[in-house]
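Dear colleague,

Please find the structure below, together with the sequence. My notes on what was found in it follow directly after.

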Amino acid sequence: MMKHLLLVAAIVYAVYSFSPSAPAPVVKTGPVADALRSATPQDKQTVASIYESLADITQRDGGKRISTTAEWRAVHQNTLGLAVGGTDLVGKYPGLDVAVEEVIGKHISLDNVALSSVVDDLVAACKEVAASAR
Amino acid sequence: MPDDIVKQYENGLPGYIEDVRERIQYMESQKQPYFIERNIKDSGKGKRALLWQYYMAFDKGAMSERQTTGDCVSHGSRNARDISRCCRILVNKEPFDYYKRGATEPTYGARGHSGQGMSPARASRFERDTGYLVREKYKPCDLTKYKSTIGTGWGRAGVPDAVKELCNEQKVNHIRLIKTQEDLMDAMINGYAAHSGQSAAWSGTPNSKNIHPRKGSWNHDMALVGYDDTKEFWPFRVWFIANSWGAWNKPVKDWPSSYPKAPPGLIVTSADDFNVCVASGDCWVYGGVDGFPPQKLPDFGTIGMLSDD
């Protein structure tokens with residue numbers, strides 16, 4: 001549990017290390033982009049940063065500390081809880097949670113498996129969420 | 001039939017065996033023998049914890065398995081273990097699967113003699129150090145359905161090595177003795193169930209106070225599955241004890257409508273009558289039961305974290 005908290009703390013730190021940048025002038029499609037259609041650039045940046053950091057952590061860990069997808073789910077939950085829990089972003093964009101689930105679900109199944117077997121897919125999922133959000 | 005087992009206990013069947021030496025050895029084998037958690041002290045006072053509901057949420061037939069021999073300690077410990085396991089999932093939201101109901105046979109098979117009955121301390125040692133199994137067909141033995149002859153048969157020779165090896169997969173990390181009702185309330189409000197062995201019996205017929213009064217004596221072990229200290233429905237603290245004899249008694253007449261359904265044979269007792277369960281020195285609370293990793297995730301972790309639901 002301690003190691004997971006450290007990972008989550010690292011992600012949260014990374015999220016807030018990114019400074020907001022101007023949104024790209026490209027109209028994005030996909031569930032996450034649709035859910036964030038009315039979002040402020042700052043909120044889009046926050047969501048993108050979370051998933052960029054998750055992609056980075058997931059890739060570098062490679063299944064060593066986070067050994068299963070069930071453990072990754074817990075890291076994901078804790079990351080969101082620490083990064084945006086209690087802020088007005090929660091509930092601000094209806095359907096955002098389902099949209100993120102949909103994107104991840106395109107890359108991996110809900111089976112609880114060794115993370116090492118799906119690292120690349122999970123990293124691709126996180127990157128897709130980040131790119132759609134930005 | 002439940003009547004048979006009731007009569008056997010009334011006639012002195014030694015299901016619960018007090019073994020002071022075993023208990024002391026167990027206590028000496030771990031850093032903290034008693035459940036005294038200062039950071040949650042008094043957290044259970046004035047509240048209620050109806051823990052059996054979490055077990056029944058996963059397993060409608062939970063606590064309906066009727067023992068047919070003197071293996072009450074293994075039933076009491078299994079029920080406490082499973083409830084603590086279910087609380088980890090439903091109350092603490094830990095990512096485990098319920099998977100299946102726990103088995104009683106390996107624990108009873110570890111009692112160390114060929115006669116009937118067991119010391120709860122010995123059961124605790126086995127479940128902490130060796131582990132536990134569930135109702136499943138394993139290569140060395142079929143534990144799908146309760147079969148008292150399996151645990152009885154292992155008796156003096158002990159649990160076969162192949163079975164012990166399987167038990168190693170899941171252990172109970174913390175089993176501690178309870179000294180007071182207050183400590184037990186603190187444990188239960190935090191999702192830890194217990195079982196206790198004592199020489200005491202309860203009437204099968206509730207009285208005018210809407211509880212089952214003490215009557216007679218059984219050398220018996222049962223799971224302690226909840227309490228209500230709110231005084232909302234009873235003017236005194238009540239405890240809920242899950243017996244392992246099936247529907248052996250009459251339920252109390254005024255069961256609060258807001259309560260979850262009671263398991264068969266539940267004993268509702270006053271704090272005064274209940275005190276023997278902690279005073280016996282064999283009241284064991286179960287924490288940190290190894291869970292089963294989920295086979296299928298409910299979601300990827302986003303649901304509920306980005307919405308107001």
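Met63(B) lies in the loop that joins helix 3 (52–58) to helix 4 (72–90) of chain B. Helices here are DSSP runs of H or I with at least four residues, strands are runs of E with at least two, and both are numbered from the N terminus. This is a predicted model, in which local features need pLDDT of at least 70 and side-chain atom pairs count only at pLDDT 80 or more, while totals for chains, interfaces and linings use all residues. Residues are numbered from 1 along each chain as its sequence is written, and chains are lettered from A and ligands numbered from 1 in the order in which they are written.

**Backbone and surroundings in chain B**

Most residues other than glycine have a negative phi. Met63(B), although not a glycine, has a positive phi of about 65°. Is Met63(B) buried or exposed? Met63(B) counts as buried because it has 26 C-beta neighbours inside 10 Å. The rule is that a residue is buried if 20 or more other C-beta atoms lie within 10 Å of its own, exposed if 12 or fewer, and partly exposed in between, with C-beta atoms placed from the backbone.

Asn210(B) is not a glycine, and its phi is positive at about 65°. This residue, Asn210(B), sits in the loop between strand 3 (194–199) and strand 4 (219–228) of chain B. Asn210(B) is partly exposed, because 17 other C-beta atoms lie within 10 Å.

Pro298(B) belongs to the segment after strand 7 (283–289) of chain B. Pro298(B) counts as exposed because it has 11 C-beta neighbours inside 10 Å. Between Pro298(B) and Pro95(B) there are 203 residues in sequence, yet their C-alpha atoms are 9.3 Å apart in space.

Helix 6 (residues 120–129) of chain B is mostly covered, with seven of its 10 residues buried. Those buried residues are Pro120(B), Ala121(B), Arg122(B), Ala123(B), Ser124(B), Phe126(B) and Glu127(B). Helix 6 of chain B is followed by Gly131(B), which has a positive phi near 120°.

**Chain B as a whole**

Chain B contains 10 helices and seven strands. Its C-alpha atoms fill a box of roughly 55 × 50 × 40 Å along the principal axes. A compact globule of 309 residues would have a radius of gyration near 19 Å, and chain B agrees with its 19 Å; the radius is taken over C-alpha atoms, and the globule rule is 2.2 Å times the number of residues to the power 0.38. Of the 309 residues in chain B, 49% are buried. Two residues are in contact if their C-beta atoms, placed from the backbone, lie within 7 Å. Among contacts in chain B between residues at least 6 apart in sequence, 80% join residues at least 24 apart.

**Chain A and its helix packing**

Chain A has six helices and zero strands. Buried residues account for 42% of the 134 residues in chain A. For contacts in chain A between residues at least 6 apart in sequence, 83% join residues at least 24 apart.

Helix 3 (residues 41–61) of chain A packs against helix 4 of chain A at an angle of about 145°, with the axes 11 Å apart. Axes are lines fitted to C-alpha atoms, for helices over the stretch in contact, and angles run from 0 to 180 degrees between N-to-C directions. In this contact, Ile50(A), Leu54(A) and Thr58(A) of helix 3 meet Trp72(A), His76(A), Thr79(A), Leu80(A) and Ala83(A) of helix 4. The residues of the contact divide into five nonpolar, three polar and no charged. Here Ala, Val, Leu, Ile, Met, Phe, Trp, Tyr, Cys and Pro count as nonpolar, Asp, Glu, Lys and Arg as charged, and the others, Gly among them, as polar.

Helix 3 of chain A and helix 6 (residues 119–133) of chain A pack at an angle of about 165°, with their axes 8 Å apart. These two helices of chain A are therefore roughly antiparallel to each other (angles under 35 degrees count as roughly parallel, over 145 as roughly antiparallel, 65 to 115 as roughly perpendicular and the rest as oblique).

**Where the chains meet**

In all, 21 residues of chain A are in contact with 15 residues of chain B. Helix 4 (69–83) and helix 5 (96–107) of chain A are the elements that give two or more residues to the side of chain A that touches chain B. Helix 4 of chain A gives the most, with eight residues. By class, that side of chain A has 10 nonpolar, seven polar and four charged residues.

Yours sincerely
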